[in-house]
Amino acid sequence: QMLGFPYTLDQASSAEEGLDLWDAQSYDIVLTDYNLRGKNGVKMIDELRRQGAAVPMVLFTAYDSPQIRRDAEAVQVSAFLTKPFLIEEFVGVTRRLLVPREAAVGAVHPAP
């Protein structure tokens, strides 16, 4: 609701579940933590990119290291947010990544 346009959120409890959700339908953005059950968030993003996913992808992590940043850059992460972060920062990043996509397609996907 804070984004200013209607979106629904699907939640997965592991990278594998997130990949299954992606296989079932496409999404406008992927938001993932680095520390997931199974694969980490960078590996999940890498797999999505190899499948051809071109949507913005945001990685959250409490483990801010140069290696994780290099790994995130290598898989073309759109935004990197370190924890803790302010909700306003999250909303700003998400809005910045979604609004250009909505303008390109000409309409907002309504929430079901």
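**Terms and their grounds**

Tutor: Along the sequence, the protein follows the pattern α-β-α-β-α-β-α. The model is predicted, so local features need pLDDT of at least 70 and side-chain atom pairs count only at pLDDT 80 or more, while totals for chains, interfaces and linings use all residues. Residues are numbered from 1 along each chain as its sequence is written, and side-chain values use heavy atoms, without hydrogens and water.

Student: How many helices and strands are there in the protein?

Tutor: The protein has 4 helices and 3 strands. These are DSSP runs numbered from the N terminus: helices are H or I with at least four residues, strands E with at least two.

Student: Why does Asp23 count as exposed?

Tutor: Exposed means over 50% relative accessible area, buried under 20%, and partly exposed in between, with a 1.4 Å probe and protein chains only. Asp23 has 56% relative accessibility, and therefore counts as exposed. Asp23 lies in helix 1 (residues 15-24).

Student: What makes strand 2 largely enclosed by the rest of the structure?

Tutor: In strand 2 (residues 57-61), 5 of the 5 residues are buried, so the strand is largely enclosed. Met57, Leu59 and Thr61 are buried on one side, and Val58 and Phe60 on the other. In a regular strand the side chains alternate between the two faces of the sheet.

Student: How do you know that strand 1 and strand 2 pair?

Tutor: Pairing requires that DSSP find at least two bridges between two strands. Strand 1 (residues 30-33) and strand 2 have 4 bridges, in the parallel sense, and therefore they pair. Thr32 stands opposite Leu59 of strand 2.
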